[in-house]
Every structure is written in C-alpha cells, then in structure tokens.
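The sequence and coordinates come first.

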Amino acid sequence: MGQIRITGGTHRSRKITVEDQPGLRPTGDRIRETLFNWLGNNLYGQQVLDLYAGSGILAFEAASRSAASVVCIDNNSKTVIQMRKNLQALQFEQVSISQQSAQKFIQNCVDTFDLIFIDPPFDSDEIHTINGIISPLCKTGGFVYREYGVSQAVAPLDDAVWRLSKQKQAGQVRFELWQKR
C-alpha cells in the first residue's frame, strides 16, 4: 500500500491510501496539476464521471475543487473497497462509488456529465471501445479527459463531435482534454 495526496481545493495535501493492485497506476501529481490547470481549479456545480476510477484520485480531486456530483465506476472489488474507505475518511458527500464495468455503466446511464475521466489500465484495449460509446454521456461544451500509455496506438476522437483542447506527454503517459462541440 502507498499514499498519494490531493493537489488542490478544499482537501489540498490530504492523503489517500492506494491499494497495491496489478494494473493500478494512479495519475501522478504533476499530471493532475496540469489537468486541473487546464480545466480551471474550480469545478463548482459540475457533474463529473470517473470511469476506471482505480484509486479514485481524479474523482477526489474534482470533489475537492467543488464539483456538485462525482460518480466513480470501477470493476475491481479491492480498489472499490479502498476507495470507499478513502471516501469515508474524506467525507465528500457528493461522491458515489459503484462497482461495475465501464461499458455496463454507459449502457445503463441516463445522466449526462460536464467532465468525464477515461483512464483504463494501459494493458487493456478498453479505451478503444469506450471512445466509440462515450459521446451521449457528455454534455455539449463538456470535456473528456483521456490518459493512456505512449506505446498504445489510440485513435483521436471523432472530430465531427469533439475538439482536441489540450494534450501533453509526461514520461510514459500521454494525456488529452477533448471538448464536445
């Protein structure tokens, strides 16, 4: 087990415990700081979805920055248990956690979101499937954040629906922010 810290907002510098799981790779501090600088550090009133939540750090960062609601989805029971323990310690009332696959959640979801985090395990091909079905869940003008390994060949989102807002690489990680037209 390890710990990572929330980098901004009301819970800045608070640490969460991260379960040591195969494929679990929490988004690093520098990448999160860059992402939230791109978004603006205040997410007041926004609805956020964290698919493949893992440690939950992106969701907790959004909640710390005043997001109105944050939905965390992950399929791994051990990471969900740890996420719930962290949520209890942080006492974010606007965060909910559900154990299910991202695809199942998307198929059954009727809500739309201002911000969606897509950060599946690098050793999976799920980002390709999710890219094709995520659009109805994002509000017009909303954002999708994608994070993946530099060795992965990931196609851009459909430019008829999405506009690439920002992109960057840090070490072995490529990350992008797309805005829905």
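Which residues do ring pairs link into a cluster? The cluster consists of Phe36, Trp38, Phe117, Tyr145 and Phe175. The model is a predicted one.

**Aromatic pairs**

The structure holds five aromatic pairs. In one of them, the rings of Phe60 and Phe92 are stacked, because their planes meet at 20°, with 6.2 Å between the ring centres. The pair connects distant parts of the chain, 32 residues apart: Phe60 belongs to helix H2, and Phe92 to the loop between helix H3 (77–90) and strand S5 (95–99). Phe60 counts as buried at 0% relative accessibility, and Phe92 is buried as well, with a relative accessible area of 7%.

Another pair, Phe117 and Tyr145, has its ring centres 6.1 Å apart and its planes at 80°, so this pair is edge-to-face. Phe117 lies in strand S6 (residues 113–118) and Tyr145 in strand S7 (residues 138–149), so the contact ties together parts that are 28 residues apart in sequence. Phe117 and Tyr145 are both buried.

**Charges over rings**

Two arginines are placed over phenylalanine rings, as tabulated here.

| Arginine | Ring | Distance to ring centre |
|---|---|---|
| Arg25 | Phe122 | 3.5 Å |
| Arg65 | Phe36 | 4.2 Å |

Phe36, the ring under the charged end of Arg65, is also one of the cluster residues.

Why is helix H2 (residues 57–64) described as largely enclosed by the rest of the structure? Eight of its eight residues are buried, so the description follows from the burial count. Just after H2, Ser66 takes a positive phi of about 75°.

S4 pairs with strand S3 (residues 47–51) in the parallel sense over five bridges, and Val48 stands opposite Val70 of S4. The chain passes from S3 through H2 to S4, and this β-α-β crossover is right-handed.

S4 also runs parallel to S5, and five bridges join these strands. Val71 has Ser96 in S5 as its bridge partner. A right-handed β-α-β unit is made by S4, H3 and S5.

Note on methods. Residues numbered from 1 in each chain as written. Predicted model: local features only at pLDDT ≥ 70, side-chain atom pairs only at ≥ 80, totals over all residues. Heavy atoms only, no water. Buried < 20%, exposed > 50% of the residue type's maximum accessible area, 1.4 Å probe, protein only. Helix = DSSP H or I, 4+ residues; strand = E, 2+ residues; numbered from the N terminus. Phe/Tyr/Trp six-rings, centres within 6.5 Å; stacked < 30°, edge-to-face > 60°. Lys NZ or Arg CZ within 6 Å of the ring centre and 35° of its normal. Pairing = 2+ DSSP bridges. Right-handed = clockwise from strand over helix to strand, strands pointing away.
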